[in-house]
Amino acid sequence: MTAQTKSATPVPDGAHPFPHDHLLGIEGMQPWEIGFLLDEAEYWVTHRQRGKQLKRLTQINAFFENSTRTLVSFEIAGKRLGADVVSMAVANSSVKKGETLLDTALTLDAMHPDVLVIRHEAAGAVQLIASKVSCPVLNAGDGQHEHPTQALLDALTIRRRKTRLEGLRIAICGDVLHSRVARSNFHLLSAMGAEVRAVAPPTLMPPAIDRLGVIPFTNMDDGLKGADVVMMLRLQRERMAGAYLPSEREYFHFYGLTEKRLAAAADDVLVMHPGPMNRGVEIATEVADDIQRSAIKEQVEMGVAVRMACLDVLTRQRRGLAWNGEGWA
């Protein structure tokens, strides 16, 4: 059984809804491929009971970088689909003993998993692993490159609240320079027709960011004007080599999301944050906990549904299912 949904972004005649062997990033994906994954995830939002799609399949979560919510989300997603889920804290094992990334990839492949979920601190590491293994690979975040399932769950959250993505004004604010979440969201939201803004101090704004199809703002108040969605980003101190900011107090003064500052956005603005949040640094507590406007808890919920959809879709060929032009059989 597969999820049956009516796509909000129809697949063109003769096209495959998702022809990829892996999910390594959002960049380069077609709008209907993104829409297809969102529609599949929508099915799992309303069908939370355990499925059997991955029964007798083995899912290995190999996290070379520490994680809490992403790892737990993938574990829950795999178990709800019936998979045998094994989570490996690779950062605390063989890599510490000197094993190379390539050798680790070959070791994982020798265990014959049916799907691999990889997080790594280096951009491009997940793509390297995918080229060396014989099963589907999902990128759970690689360095400052991409975090595709986070962008998908953010898009699903927005679409459920706003009924669409196209035409929305979405401001992504904070440490844009070091954020893989921001990059994946730039690619996805732009592809789906949203007006995407990047709001950050000059020191945390990537050079030539306009090439990603986003509008840069270094003034927070200007960037929030009329925004339908405001997504705050965590200050990633662990990725900063040098002095990017005078102090967290000054950062909050100029770039923290407060009730007063949020007044510049649309009346029905949606507030988001991929987590973990630093209250009083990038977002005020009263904004984060606003029942009407904040979708931060909902993002976590959508994360499980999105990851169930991605695990399901990427293992269909392995389970003997093929796209016949109209459906999966």
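**Arg-234 and its surroundings**

Leaving out neighbours within four places in sequence, Arg-234 is in contact (heavy atoms within 4.5 Å) with Asp-175, His-273, Pro-276, Asn-278 and Glu-282. A quick note: this is a predicted model, where local features need pLDDT of at least 70, side-chain atom pairs count only at pLDDT 80 or more, and totals for chains, interfaces and linings use all residues. Residues are numbered from 1 along each chain as its sequence is written, and side-chain values use heavy atoms, with hydrogens and water left out.

Q: Is Arg-234 buried, partly exposed or exposed?
A: Buried means under 20% relative accessible area, exposed over 50%, and partly exposed in between (1.4 Å probe, protein chains only). Arg-234 has a relative accessible area of 22%, so it counts as partly exposed.

Q: Is Arg-180 buried or exposed?
A: Arg-180 sits in helix H6 (residues 180-191); helices here are DSSP runs (H or I, at least four residues), numbered from the N terminus. Its relative accessibility is 8%, so Arg-180 is buried.

Q: How are the rings of Trp-323 and Trp-328 arranged?
A: Rings of Phe, Tyr and Trp (its six-membered ring) pair if their centres lie within 6.5 Å; planes under 30 degrees apart count as stacked, over 60 as edge-to-face and the rest as tilted. The centres of Trp-323 and Trp-328 are 5.6 Å apart with planes at 65°, so this pair is edge-to-face.

Note on methods: Helices (H or I, at least four residues) and strands (E, at least two) are DSSP runs, numbered from the N terminus.
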